[in-house]
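Please open the structure in a viewer and keep the selection tool at hand.

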Amino acid sequence: MRPAADAEVDVGIRIYALAARLYPICRSITGEGVRKTLQVLGQQIDLTQHEVPTGTPVLDWTVPQEWNIRGGYIKDASGRKVVDFADHNLHVLGYSAPVHRTMPLSELKAHIYTLPDQPDLIPYRTSYYSEQWGFCMTHNRFLAMEDGEYEVMIDSQKADGHLTYGEYVHKGETDRDVLLSAHICHPSLANDNCSGLALLACLAKAMRGRKTRYNYRFLFAPGTIGALIWLAHNEANAARIDHGLIVSCVGDGGGPNYKRSRRGDATIDKAMEYVLNREDRKGTIKDFSPYGYDERQYCSPGYNLPVGLFQRSAFGTFPQYHTSADNLDFIAPEHLASSYKMIMEAIDILELDWTPLNLFPKGEPQLGRRGLYSALGGDKSAGETAMAYLWVLNLADGQHSLLDIAERSGMAFSDIVRAAQLLRENDLLAEAA
Amino acid sequence: MRPAADAEVDVGIRIYALAARLYPICRSITGEGVRKTLQVLGQQIDLTQHEVPTGTPVLDWTVPQEWNIRGGYIKDASGRKVVDFADHNLHVLGYSAPVHRTMPLSELKAHIYTLPDQPDLIPYRTSYYSEQWGFCMTHNRFLAMEDGEYEVMIDSQKADGHLTYGEYVHKGETDRDVLLSAHICHPSLANDNCSGLALLACLAKAMRGRKTRYNYRFLFAPGTIGALIWLAHNEANAARIDHGLIVSCVGDGGGPNYKRSRRGDATIDKAMEYVLNREDRKGTIKDFSPYGYDERQYCSPGYNLPVGLFQRSAFGTFPQYHTSADNLDFIAPEHLASSYKMIMEAIDILELDWTPLNLFPKGEPQLGRRGLYSALGGDKSAGETAMAYLWVLNLADGQHSLLDIAERSGMAFSDIVRAAQLLRENDLLAEAA
Amino acid sequence: MRPAADAEVDVGIRIYALAARLYPICRSITGEGVRKTLQVLGQQIDLTQHEVPTGTPVLDWTVPQEWNIRGGYIKDASGRKVVDFADHNLHVLGYSAPVHRTMPLSELKAHIYTLPDQPDLIPYRTSYYSEQWGFCMTHNRFLAMEDGEYEVMIDSQKADGHLTYGEYVHKGETDRDVLLSAHICHPSLANDNCSGLALLACLAKAMRGRKTRYNYRFLFAPGTIGALIWLAHNEANAARIDHGLIVSCVGDGGGPNYKRSRRGDATIDKAMEYVLNREDRKGTIKDFSPYGYDERQYCSPGYNLPVGLFQRSAFGTFPQYHTSADNLDFIAPEHLASSYKMIMEAIDILELDWTPLNLFPKGEPQLGRRGLYSALGGDKSAGETAMAYLWVLNLADGQHSLLDIAERSGMAFSDIVRAAQLLRENDLLAEAA
């Protein structure tokens with residue numbers, strides 16, 4: 001058996017490889033790109049693919065028409081392609097209307113998006129709910145365009161169809177759920193969010209072999225509208241979510257960052273804070289704010305679910321964000337592996353956490369008689385093991401979970417769990433009702 | 001139309017001019033000085049003048065006799081006046097009994113008050129409830145007094161009469177009140193409190209043209225006994241006070257300072273904290289303490305009203321405090337103007353604050369469809385406008401006022417108000433019950 | 001009458017002298033050493049001596065056999081004693097089984113305890129609940145032992161008998177109790193806890209002459225098992241404990257340290273925090289943790305009594321802890337005196353604290369009329385005396401004790417008490433129900 005470190009690297013390599021397969025696919029909030037992505041993810045896990053027809057009312061929204069694109073380019077007067085969708089699928093504005101015309105540069109300019117401050121990068125732009133057409137390109141290429149007539153062609157289609165999303169549930173022993181969700185709507189952006197999709201698919205696969213207390217619900221859905229559809233169609237399931245995590249941008253070396261749920265003191269908030277402060281990770285914990293990914297929907301006041309956001313670099317803060325530089329060079333197996341490890345540690349906490357009740361609450365029970373306490377007295381301290389017993393017994397009043405006890409005592413969660421388990425086996429603890 | 005900056009200066013000049021008219025009047029807690037002051041203030045606003053007879057029981061107190069003074073002096077053996085009330089009305093102890101005698105310096109000394117550490121200033125001293133006579137003078141003049149006989153004369157009168165205070169109410173749309181109060185009992189002290197009297201009178205005048213939600217009750221009453229009288233005679237009105245501010249020492253360049261109400265988390269406390277931390281004002285916020293001005297009475301445990309104290313330099317902390325140096329040179333139009341502005345900003349908050357309820361609390365409503373959200377997706381941030389919408393919607397659970405939302409989001413209150421108003425016009429918000 | 005400072009030194013000398021008498025006695029959790037100690041303490045106060053038979057079930061525990069020791073030594077082949085219990089009663093493992101054999105050093109080694117990092121000190125070790133025999137010695141002496149045969153002799157006896165503890169109750173006017181407890185089970189360790197035993201005995205003696213509100217219950221009982229016995233046999237008395245303090249290691253010059261009760265905000269916690277922050281004491285306040293002395297039992301979740309721990313140097317943190325260096329040179333009269341003073345100050349707070357109700361809660365009552373307020377107005381501040389009146393009146397809403405008011409106002413507790421008393425005498429305050 002190889003050391004754990006190698007196993008971790010292996011996970012990172014597998015996630016990276018999967019992300020690399022997803023990267024070239026042109027995704028949007030609907031269309032063949034989403035289906036193709038779910039097909040790739042479905043090779044890892046037994047995904048359920050949901051298709052929701054155009055026009056379906058969803059809370060305050062309506063499922064839009066399905067968008068698909070075959071190609072697009074700008075040609076100059078000499079017939080040379082200035083930009084070509086075939087080169088990079090960021091080149092065409094997401095949800096762009098079709099167009100095929102010739103027009104002077106002066107008119108074309110209004111349809112071109114660039115990043116003057118990052119002149120070598122192509123920006124990522126979309127227009128889902130407003131009819132527009134457009135191209136995205138590097139600012140330098142744009143500056144090099146000479147006056148004259150250009151042929152613009154976008155071979156896209158918006159038509160009644162479906163919005164597609166994927167779902168996978170790992171069944172646990174109880175009827176309480178953990179939600180893990182990654183947005184599937186971004187095209188060739190490696191960190192945001194091929195990384196999240198690939199990580200969750202690999203994690204779901206790993207969970208298959210594990211007997212868990214919770215059900216683990218994995219969602220691969222387009223941002224905003226996908227979460228809204230799931231929520232609108234899953235009132236009962238939503239009420240079963242005890243903990244949830246939105247996963248995005250988990251492949252770069254920044255952070256880690258965790259944004260708390262709107263509740264601010266949910267168990268997932270405490271668990272992630274614990275995980276992000278272990279092993280010199282020095283993670284950053286931010287309070288909830290209503291901008292970001294689908295935590296916006298899960299934490300809307302009508303749901304207020306205990307769902308936080310896990311990232312490495314926080315969205316909007318790194319220069320590669322929403323540009324062509326968010327490519328496969330920007331993410332790395334070791335970062336994916338460590339992100340995977342942190343999420344798995346949080347899952348371990350959720351699985352192992354319980355609220356103990358001391359069955360001998362009056363005074364300390366005699367631990368020595370049960371072999372749980374050193375026979376020799378007089379040492380300076382009780383030792384770590386004994387301290388874990390003492391902390392658990394003292395706080396086992398039904399008001400403190402093991403995670404609370406770890407937090408309060410400053411001891412490792414795993415030590416607290418082990419102590420609680422041994423105390424329970426010695427009939428000193430029960431699980432609080 | 002001139003720029004706002006000039007309008008502000010104008011306000012400051014008008015307040016200063018009014019304070020300058022009040023400064024020479026010899027006020028005390030009763031008497032003609034108070035009536036003359038109310039007459040001057042009454043030229044600005046339609047004041048109601050209340051006269052409460054001597055002997056009226058007021059809670060644990062009794063309205064004292066009315067005090068008036070016509071003159072007073074100390075003459076040396078040569079007939080030269082050492083001090084003369086005609087020169088400065090601080091020269092005679094407030095509420096001094098009448099006296100006309102000749103006595104040696106050794107006997108007179110017990111009736112003379114000076115400031116040895118500020119030898120060129122005349123102190124302000126009173127003896128409302130204990131029969132005394134006395135003079136206040138500079139320590140240097142006192143040191144120059146030679147042994148010998150002196151003629152002392154105080155032509156004052158304490159007799160049954162009335163205690164006088166002024167009141168002005170600007171009617172609003174609701175039956176809830178904002179209290180604004182300044183003490184009228186101090187004689188020639190410019191900052192404490194000609195500044196407060198003049199500022200509130202000008203503010204009351206400005207409010208006349210304004211349609212408000214709240215009633216604004218302006219009180220110009222002698223310290224302590226005046227507030228007690230108002231409270232004792234206005235049980236129903238006191239119960240209608242949602243917010244209140246005591247205003248004193250608002251003409252110097254110090255501070256700003258705000259002392260919280262006894263409650264500590266009243267809306268007026270949050271509003272003043274917000275105002276005093278805007279625009280690099282770096283205001284100081286102090287917790288309630290039971291010494292100061294009439295917040296002592298409004299915040300007594302039997303009332304516990306949400307009333308705080310606004311000042312520039314805090315009382316007792318500046319060298320001019322309660323001396324002849326608190327004169328018209330110590331206050332300035334620009335400081336009066338900025339104090340006025342801060343109070344007006346707090347009033348704006350009180351007027352504009354409300355508690356929203358999200359009518360589409362499940363998920364975000366589709367803002368783009370309503371023209372409230374940029375059609376183009378992919379930018380790094382939502383932009384300030386969109387963030388204001390998102391914050392308001394997310395916290396519009398009936399538990400957060402707009403001021404709370406501004407505080408939580410770190411955004412400008414005005415931006416939050418504007419966003420809430422637009423969301424309300426789009427039927428996305430209602431006012432919480 | 002001599003100055004207080006001398007009286008304080010006297011107390012320290014008396015406590016020291018008593019500790020010095022206790023020091024040579026070989027105590028354990030049972031046996032003649034405990035009885036002899038109680039006899040010495042009983043010369044100060046009228047102690048009740050409780051004897052609990054071996055085998056008595058106590059909560060989750062059972063009273064162990066009584067242990068007594070007459071002597072013990074290790075002799076080398078030449079008949080020279082390597083260690084002798086007669087030299088230091090730390091030399092034999094507490095509760096050691098008897099032994100008399102000859103054995104090679106190689107076999108003996110497993111029964112010898114030393115401190116390699118403190119090679120000149122004898123460690124303190126015990127084995128109450130596991131049958132063992134052993135010796136404790138300096139590491140240097142141990143290193144000097146040559147291979148060969150050694151005669152080991154421990155003349156001890158474990159037999160059915162009793163566990164002994166002492167109790168003294170100073171009766172107060174009410175039926176509410178203050179618990180003061182020191183562990184009696186440690187042999188020749190001066191700070192831990194001859195200091196605590198001697199201090200509490202002297203304090204109990206001093207309390208005899210004092211009329212108190214509370215009953216003061218002094219416990220001198222073996223650690224853990226003693227507290228458990230008392231709790232098990234005193235359900236009704238335990239429920240009457242309003243405040244409690246465990247006292248140990250009060251003779252050295254470190255600290256002071258206070259560990260909060262499990263509740264964390266008990267009155268004893270506030271009182272000790274107040275005391276430890278007075279007079280530049282710069283005491284350290286720590287949150288409760290479930291290791292230490294008998295606060296472990298009193299603060300177990302089934303009791304959760306308001307009992308904290310007072311120490312000078314905290315246990316386990318000073319190099320002399322649980323070694324032969326914790327001797328009479330390590331403690332000093334002046335430290336015992338200042339520890340005594342701090343505990344007495346806390347008792348004064350408990351005795352003098354009460355929760356006032358303002359009988360004139362609407363506005364300030366007229367203090368001047370009652371001679372409680374300076375007749376002369378205009379000073380910069382109200383003065384300390386007036387401030388104490390104002391604070392008490394303002395917070396006398398039945399929700400704040402005098403200690404709370406001292407804390408909130410930042411004023412001295414004694415000033416607040418005096419002000420409250422005078423206000424009460426003037427019928428302005430009553431005690432809240």
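The tour begins with one annotated span, then turns to the relation between two chains and to their interface.

Please note at the outset that this is a predicted model.

Select residues 66-157 of chain A, which the UniProt annotation "domain: DUF2172", from an unreviewed entry, covers. The end C-alpha atoms of this span lie 8 Å apart. Within the span, 10% is helix and 36% is strand.

Next, display chain A together with chain B.

Now select the contact between the two chains, to which chain A contributes 34 residues and chain B 27 residues. Chain A and chain B bury about 2,500 Å² between them, with 49% of this area on carbon and sulfur atoms. In chain A, highlight D60(A), P290(A) and Y291(A), which lose the most area to chain B and together account for 27% of what that side buries.

Finally, show the side chains of R296(A) and E364(B), which meet in a salt bridge at 2.6 Å, N to O. The count of salt bridges between chain A and chain B is five. Across the same interface, 15 residue pairs are in polar contact. On chain A, β3 (61-62) and α9 (295-298) each supply at least two residues of the side that touches chain B. By class, that side has 17 nonpolar, eleven polar and six charged residues.

Conventions: Residues numbered from 1 in each chain as written. Chains lettered and ligands numbered in written order. Predicted model: local features only at pLDDT ≥ 70, side-chain atom pairs only at ≥ 80, totals over all residues. Heavy atoms only, no water. UniProt positions renumbered as here; feature names shortened; annotations may be inferred. Helix = DSSP H or I, 4+ residues; strand = E, 2+ residues; numbered from the N terminus. Contact = heavy atoms within 4.5 Å. Buried area = accessible area lost by both parts, 1.4 Å probe. Salt bridge = Lys/Arg side-chain N within 4 Å of Asp/Glu carboxyl O. Polar contact = N/O pair within 3.5 Å; in protein donor to acceptor, adjacent residues only side chain to side chain. Nonpolar A, V, L, I, M, F, W, Y, C, P; charged D, E, K, R; others polar.
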